[in-house]
Amino acid sequence: MKAFDWEKFKLGEIAVHCDTEVKANEFLKQAYELGFTWSGAESLLEENYYSSHENETCYRAWDDSCVKELTYQRMSYYQKNNYQIIEWSDYMEFAKEDLKVGMLVETEFGMSLVMNYKYGKVLLYRSRAFTKWGNVESCGIKKVWDICEDPVYVFDFSGCGRNVIYDRTQTKEMTVEEVSKALGYDVKIVKG
């Protein structure tokens, strides 16, 4: 997950695209925790305005870094007015609500195929055995591939024939000596 630049966002230079209501709620929750409100001081947690533009919904801060107020609009509005548009999905963890039948998922327990999603429960197929998980987040979703339309690759657990749509990269902690060894030469840490 990348770090979101809230300082740049506060200047009103970028619009954040949320193509699902889950993503919109996640974004607004984080903005709320940083003190943002809707114009008129309405809480971001009371209304998300996602139904106004659905999968085309974008959020933007007003052009005043002193005021923490949000506005929303259809993505085409921000495109037409040359705003930088970023995808909130690039800055959030993949949630079980984002899983769809046919996606391939790599968790800390291995590779699985999403077979069903009903009543908040996910049925995954893994190595010729079905596994039910009620809370996929606790399984540590590491990577997700999109739905495969080619029947040849539907049960191929290698990810062949699919596009990666989420990849949680882990930060690896290393000592200076380990970095030097991995690079093959000495390194010196300097303040930037």
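User: Where is leucine 11 found, and is this residue buried, partly exposed or exposed?
Analyst: In this predicted model, leucine 11 is found in the loop between helix 1 and strand 1. Its relative accessible area is 41%.

User: How many Å apart in space are leucine 11 and tryptophan 62, C-alpha to C-alpha?
Analyst: In sequence, leucine 11 and tryptophan 62 are 51 residues apart. In space, their C-alpha to C-alpha separation is 7.1 Å.

User: Which element gives the largest share of the largest nonpolar core?
Analyst: This core has 21 residues, and Phe4, Phe9, Phe27, Leu70 and Trp88 touch the most other members. Two or more residues come from each of helix 1 (6–10), strand 1 (14–17), helix 2 (21–33) and strand 3 (57–61). The largest share is four residues, and the element that gives them is helix 2.

User: Which residues does tryptophan 88 touch, not counting residues up to four places away in sequence?
Analyst: Tryptophan 88 is among the residues of the largest nonpolar core that touch the most other members. With residues up to four places away in sequence left out, the contacts of tryptophan 88 are Phe4, Trp6, Val16, His17, Cys18, Lys23, Glu26, Phe27 and Gln30.

Definitions and conventions:
Residues numbered from 1 in each chain as written. Predicted model: local features only at pLDDT ≥ 70, side-chain atom pairs only at ≥ 80, totals over all residues. Heavy atoms only, no water. Core = buried A, V, L, I, M, F, W, Y, C linked by side-chain atoms within 4.5 Å. Buried < 20%, exposed > 50% of the residue type's maximum accessible area, 1.4 Å probe, protein only. Contact = heavy atoms within 4.5 Å.
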